[in-house]
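Biologist: I am new to this structure, and I would like to understand the words used for it before I rely on them. Could we go through them one at a time?

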Amino acid sequence: MINYKNNRLFVESVSIQDIAKTQPTPFYVYSHSKISNTYNELKKTLDSEILFAVKANSNQAIIKLMAKLGAGADVVSIGELERAILAGVSPQKIIFEGVGKTKKDIEYAINQKIRLINVESVDELQRINEIALQKDESVNVGIRLNPNIDAQTLDKISTGKKTDKFGIDTDKLNNIFEILKVSKKINLIGLSCHIGSQIFNLDVFSDIFQKMKDNAQIFIDKGYNIKHLDLGGGLGVNYKTNEKKLNLELIKKEMDKCFNGTTYNLSFEPGRYLVANAGILVTSVITIKNNGGINFLITDAGMHSFIRPALYNAQHEIEAVEISNEQLINYTIAGPICESTDIFRKNISMPKQKVNNLIVIKDTGAYGKVMASNYNSRGTPIEILVKEDNFFVIYKPLSTKELINQDMIPDWLN
Ligand SMILES: Cc1ncc(COP(=O)(O)O)c(C=O)c1O
């Protein structure tokens, strides 16, 4: 769905060069059928509810597509909750996560009548109860557990170890039971966990399943009616060609081994898995220069457009949009931002490039545009959704003038 035909890059039946004739770079392009196929395969193989983690790509068109495919939503802020509802996700298919929910967040979530709020601390549980009492309304909650599992992934994307800030330590459940006992307006209906991103190790998945089942039993034994077990996101995606793919069938086998005979509504909350490989970032070469023997290829996309390489040292494949027979050169691909960390890849081999050539940074559909910023006042990229032989602009950034107009100068400075 995103591949080369006659040496030119296409998303479905649309040539990237054709998009670039009318749209300024840098721009993100997503494939409608890649997203749909990925969702359908995941849903079918895991045979569980899929709650799209909106944080991975919160464009309204993408959330709407997910909703049409049947996904629910995992949101972490009022903003994401508003997005999900506006895009047509049924409130009963929305869960609200997040380690720092404010009173305003909680009140908003209660008013929207979502499925549940996932509680991440004893303190938060008390706060929800106070708000529920004030409103004289019962509130459905889940508990996000911290199961103390090492996701065996990058430290910066690990969230389920005891020392991580997320979830409630399973050794401290007694504190939760004490509060639940006196919380008349709290209706505990689920448990969840999310231990990190880019999980590939099958043993890690079976560990999650077993710990969730064991903990659910602890709650059930105390008399709580746990209906929903959310097994988290973090399903690993490939960022390199020829990498071993995550085997969903084997994950399903582990699930069956653990949960056969139980009646929980099982769900996953993946973000990256659903969209990462369905998106690319297209950028133009602004300058080519040699400093200290290094061939820098400076592009108009930078860490302001796509921050994963600078933030996590993420390695994305980068290629020319049109493959030529020019001699191969080793380039370091860097953005235009005034920061030394603004580098996408070091020392990669590509056919010799010229200024204005189009370059593609692959697998950028997740945690791409959502993390873009206006640093250096360069603006954020356009987003485009391709369906078969048509493309649609689904995000138009604010102009520099509009951005400047967000600032206000106090009278005394005029
Ligand atoms: C609570 C929670 N759920 C789901 C996700 C989605 O993770 P991934 O995109 O790796 O599937 C995240 C990511 O940070 C998260 O914090």
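**Terms and the values behind them**

Modeller: Let us begin with Arg-144, which has its place in strand β9 (residues 139–146), where strands (E, at least two residues) and helices (H or I, at least four residues) are DSSP runs numbered from the N terminus. This is a predicted model, in which local features need pLDDT of at least 70 and side-chain atom pairs count only at pLDDT 80 or more, while totals for chains, interfaces and linings use all residues. Residues are numbered from 1 along each chain as its sequence is written, and side-chain values use heavy atoms, with hydrogens and water left out.

Biologist: Why is Arg-144 called buried?

Modeller: Buried means under 20% relative accessible area, exposed means over 50%, and partly exposed lies in between (1.4 Å probe, protein chains only). Arg-144 has a relative accessible area of 6%, and therefore counts as buried.

Biologist: What makes Lys-354 exposed?

Modeller: Lys-354, in the loop between β18 (343–351) and β19 (358–362), has 58% relative accessibility, so Lys-354 counts as exposed. Lys-354 touches Val-285 and Ile-288, not counting residues up to four places away in sequence, where a contact means heavy atoms within 4.5 Å.

Biologist: How do you know that Arg-115 counts as buried?

Modeller: Arg-115 is found in the loop between α5 and β8 (116–119), and because its relative accessibility is 8%, Arg-115 counts as buried. Among the residues that Arg-115 touches, leaving aside those up to four places away in sequence, are Leu-51, Pro-91, Asn-140 and His-228.

Biologist: What makes the link between the side chains of Arg-115 and Glu-49 a polar contact?

Modeller: A polar contact is a pair of N or O atoms within 3.5 Å; within protein, one must be able to donate a hydrogen and the other to accept it, and residues adjacent in sequence count only if both atoms are side-chain atoms. The side chains of Arg-115 and Glu-49 are joined by such a contact of 2.7 Å.

Biologist: Why is α4 called roughly parallel to α5?

Modeller: The axes of helix α4 (residues 78–86) and α5 come within 10 Å and cross at roughly 20 degrees. Angles under 35 degrees count as roughly parallel, over 145 as roughly antiparallel, 65 to 115 as roughly perpendicular and the rest as oblique, and the crossing angle therefore makes α4 roughly parallel to α5. Ile-78, Leu-81 and Glu-82 of α4 make the contact with Lys-104, Asp-105, Tyr-108 and Ala-109 of α5.

Biologist: What makes α5 oblique to α6?

Modeller: The axes of helix α5 (residues 103–111) and helix α6 (residues 122–135) also come within 10 Å, but cross at roughly 55 degrees, and that makes α5 oblique to α6. In this contact, Lys-103, Ile-106, Glu-107, Ile-110 and Asn-111 of α5 meet Glu-124, Arg-127, Ile-128, Ile-131, Gln-134 and Lys-135 of α6.

Biologist: What kinds of residues form the contact of α5 with α6?

Modeller: They divide into four nonpolar, two polar and five charged, where Ala, Val, Leu, Ile, Met, Phe, Trp, Tyr, Cys and Pro count as nonpolar, Asp, Glu, Lys and Arg as charged, and the others, Gly among them, as polar.

Biologist: Which residues of helix α3 are buried?

Modeller: In helix α3 (residues 60–69), the buried residues are Ile-62, Ile-63, Leu-65, Met-66 and Ala-67. Just after α3, Gly-70 takes a positive phi of about 115 degrees.

Technical notes. Axes are lines fitted to C-alpha atoms, for helices over the stretch in contact, and angles run from 0 to 180 degrees between N-to-C directions.
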